[in-house]
Amino acid sequence: PAPAVAGHGSTLVLARLHSGARLALVHCRLHLYEGWSKAELERPVRDLAAWGVHRFLLLNACGGLAPEVAVGDVVVGTALVDLQAPPRDAAPRVPICDEAVAARVATALAPAMTARTGVYVAVPGPQYETPSETAWLARHGDVVGMSTAPEVRAARRAGAGVCLLSLCVNRAAAVGSHDEVLATAASFRARVGSALVAALAARWPDLVTMPST
């Protein structure tokens, strides 16, 4: 399905690393608030898993909740709190990877950008958070966004490994516009290319062999 929101793209590129590992690079992000069903939101991951993809490096743009997360930072997800799911007594927490693995990925990213580990909170959207909502959400996680929960759930059901990088493009509850968020996200492009290979190598050392030169 093609996204209906500016900046979210609809492109698939097939590539190969120096190690010979094959990659499917997907520039596409569907959102619950666009009206897609749960099955439609999960379809890209299900289809990739059916092709034989068994490791997913997921990226998203997010808002910072924790005081130490600044615009331009990356948070490597250890878990996801899914507030897109029907309300329950406790917020559903979906594990992504353990702290030691996430810390290894954050260290690998450090030469290119400030990176730390943390928890991503997924909300339905599409509105940005008020100060009161931000204070409540900060009790559950370090960053907040309107996506990613369906992809994580689908990947885990497929038995695939997951690595989540959340790029902080604004502070939650800060005054701003979608255009400003897109501009900040674009600033990651110059830094994120080589950093993604480093993240893959740190998360799955058997997958990537870095070139000697």
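Is C97 buried or exposed? Select C97 to begin the tour: with 13% relative accessibility it counts as buried, where buried means under 20% relative accessible area, exposed over 50% and partly exposed in between, using a 1.4 Å probe and protein chains only. Before going on, note that this is a predicted model, in which local features need pLDDT of at least 70, side-chain atom pairs count only at pLDDT 80 or more, and totals for chains, interfaces and linings use all residues. Residues are numbered from 1 along each chain as its sequence is written, and side-chain values use heavy atoms, with hydrogens and water left out.

Select C168 next, which is in no disulfide either, since its nearest cysteine sulfur, that of C62, is 5.0 Å away. C168 is buried, with a relative accessible area of 0%.

**Helix α4.** Now select residues 149-157, which form helix α4, and look for its buried residues A149, P150, E151, V152, A154 and A155. Helices (H or I, at least four residues) and strands (E, at least two) are DSSP runs, numbered from the N terminus. The buried residues of α4 pack against α1 (38-51), β3 (55-64), β4 (74-82), β5 (93-95), β6 (115-122) and β8 (161-171), where contact means heavy atoms within 4.5 Å. Just after α4, click on G159, which takes a positive phi of about 75°.

**Strand β3 and its partners.** Show β3 together with β8, which pair in the parallel sense over 10 bridges; two strands pair if DSSP finds at least two bridges between them. In this pairing, L58 stands opposite L164 in β8.

Finally, select P1, S10, T11, L12, V26, C28, R43, P44, D47, L48 and W51, which line the second largest pocket. A pocket is, on a 1 Å grid over the protein atoms alone, an open set of points where a 1.4 Å probe fits, with protein on both sides within 12 Å along at least five of seven lines, and lining residues have an atom within 4 Å of a point. Colour the lining by element, and α1 will show the largest share, 5 residues.

Methods: Disulfide = S-S within 2.5 Å.
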